[in-house]
Amino acid sequence: MFKSRPRLRYRLQVLRHDPTAAMGLVLAVLLVYLVVAPLGAVLSDAFRVQFGDQVHAGQQPGEWTGYYLWRVFRSQIAELIFWEPLLNTVVISLGTVAFALLVGGGMALLVARTDVPGRRFLAGALVVPYMLPSWTFSLAWLTLFKNERAGGQPGVLQAAGVRTPDWLAYGAVPITVTLGLHYFPFVFLLVGNALRRIDSQLEDSARILGASRATVLRRITGPLLLPALSSAVLLVVGRVLGTFGTPYILGLPADYRVLSTGLYQSIRDRSTGVASVLAGVIVIIGVVVVLVDMRLMREQRRFVTVGGKGAMDRVGHLRRWRWPLWAVAAGVLILSVVVPIMTLLLSTVMRTPGVWRLDNFTLDFWLAESLPGAVGFPHGVLRGGELWEAAYNSLVIVGLASVICGVLGLLVGYVVVRGTAPRVAALLRQVSFLPYLIPGIAFAAASLSLFAVQRGPVPALYGTTALLVLVMAVTHLPYSSRSGIAAMTQLGREPEEAAQICGASWPARMRRIVFPIQKGALVTGVVLPFVSGLKELSIVIMLTTTGTQLLTTLSITLVDYGYTQLANAVVLMIALVSFTMTYLAQRLTRSSLASGLGG
């Protein structure tokens, strides 16, 4: 007994000077609870009878059941609950992929491999649509093409006497086009960077040997681009799967449901069991999509080419087609950025959109103290406290989540690289990446299932700021943790060892050595989640309440009220803040999403 005391004292001293192992264990337990436990909770709800369903299930609440599986997949309403939304999701995903490949791939080829004028400007400008909230495009579309089916004020074309058909105003076509405008920068970036890395000597050699341009594209360029194209396709599909705002705004008037809006509706109807099954399906599809993408990224090593830097930078000369193709690129930029923003802006200063009389212009939707007929939001967006309260909530909640995310990501990187327990390090690496595999709205549903009621010492967090902060921090953790792991891999042990020899404690070493040296990775791990979180809707739509309203949920609430101009004004404010923060983030990190693409 007495012999064990010196050993215990020694272990405590070691732990005080190097708590990496203990910290790794604490982080592993914390992340397992915050990431894995919600998935377990939502799966449990899918197989247990919920309160209020005992009559239909023929079992008591809490008992194991297959009732919800039958209801979603085999019942008389299964077509409405699952199969029709699944088909609609597939149709929209394929349409969005085709649109994004056509526009994004074409723009990538133009900017990366030709001498089109203004390549550097186009390389940065064509990424701007992704900086905007995804439903910016859907609100602009609704402002232009809305007809009498949705009620309220007509769209611009309807006010001008042009009858817009339902298929053009709502449903699959507008959802596909607007999502394509938002996600084509994915393809533009991935394919553009892949094109920049391909050694053009391979294509030149084939042309010298007599191959036509079509043959070179089919036999050389196409196979070399296949991994990037496949990754772009899968990433777009994964994002479309979990997106909520666009299908909700443009699908609701025509009762056009996809899996994400069906999940949201089930939770609003308090059909917890059905919602849990739908969330499980979305999670499974999301995991499969990303695992396939990871497999393709490993296969990409087969397509590595060797060539000189000068050869890779060679561009084709468009000659007389330079300015016509520049006009095409400018047209894409105008349609994806200028038209949506100007449409929303003009709608906020018109009483009736599309009526170009001087007496129709007004600033009431921005500044009026009282708006006639408005209920629930009876004043301009800059009056009253709703906008400022939502902006304050957004900045505080997203800011706290981003700081937690950045620090947590760097600590995960520290434990993974510095830790002496390889199993704990492997667990942290995998669990911190797991939220990337799960579509946002499904993870929000899983977190709601876990934290809606008290479980042991953990209180119910639904409706609190803490739940929003936790969920937003965890969902963005994959980006900060990967940044932290990469940064710590590049930092040797020598600075810490020298400080430890001089008697510095572990907190002092972290505060005075690791954090200052890794401030770039820390800033990236904080700023990027902050920018993304400001325009996040799918994750927070089911977690906010009246007291925790954010800018994004405020805009959707105004859409539900039918206050189109007010909703457009709020979205413009979100777009302004998002673009400003993205610009500042790029200046702080001295990076660019399209870095080198148009160099």
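The legends below describe an overall view and close-up views of a predicted model.

**Figure 1. Overall fold of the protein chain in the predicted model****.** The protein chain contains 29 helices and zero strands. Its C-alpha trace extends over about 95 × 75 × 50 Å along the principal axes.

**Figure 2. Packing of helix α20 against helix α27****.** Helix α20 spans residues 386-418 and helix α27 spans residues 519-534. Their axes lie 8 Å apart at an angle of about 145°, and the crossing of α20 and α27 is right-handed. On the α20 side, the contact is made by Ser394, Leu395, Val398, Gly399, Ser402, Val403, Cys405, Gly406, Val407 and Leu410. On the α27 side, Leu522, Gly525, Val526, Pro529, Phe530, Gly533 and Leu534 take part. Divided by class, the residues in the contact of α20 with α27 are eleven nonpolar and six polar, with no charged residues.

**Figure 3. The second largest pocket, with a volume of about 1,200 Å³****.** This pocket is lined by 43 residues, of which Ile267, Arg270, Thr272, Leu448 and Tyr462 are the closest to its centre. Two or more lining residues come from each of α2 (20-46), α4 (67-73), α15 (259-268), α16 (272-299), α22 (440-451) and α28 (551-561). Helix α16 gives the largest share of the lining, five residues. The lining of the second largest pocket consists of 19 nonpolar, 16 polar and eight charged residues.

**Figure 4. The largest cavity, with a volume of about 60 Å³****.** The structure has four cavities of 30 Å³ or more. Residues that line the largest cavity include Leu142, Thr143, Lys146, Gln153, Pro154 and Gly155. Ser347, Pro353, Thr564, Gln565 and Asn568 are also part of this lining. Helices α8 (135-145) and α29 (564-589) are the elements that give two or more residues to the lining of the largest cavity. The largest share, three residues, comes from α29. By class, this lining comprises three nonpolar, seven polar and one charged residues.

Conventions. Residues numbered from 1 in each chain as written. Predicted model: local features only at pLDDT ≥ 70, side-chain atom pairs only at ≥ 80, totals over all residues. Heavy atoms only, no water. 1 Å grid on protein atoms, 1.4 Å probe; cavity = no way out; pocket = protein on both sides within 12 Å on 5 of 7 lines; lining within 4 Å. Points joined across faces, edges and corners; volume = space filled by probe spheres on them. Helix = DSSP H or I, 4+ residues; strand = E, 2+ residues; numbered from the N terminus. Nonpolar A, V, L, I, M, F, W, Y, C, P; charged D, E, K, R; others polar. Axes fitted to C-alpha atoms, helices over the stretch in contact; angles between N-to-C directions. Left-handed = near helix turned anticlockwise from the far one by under 90°. Contact = heavy atoms within 4.5 Å.
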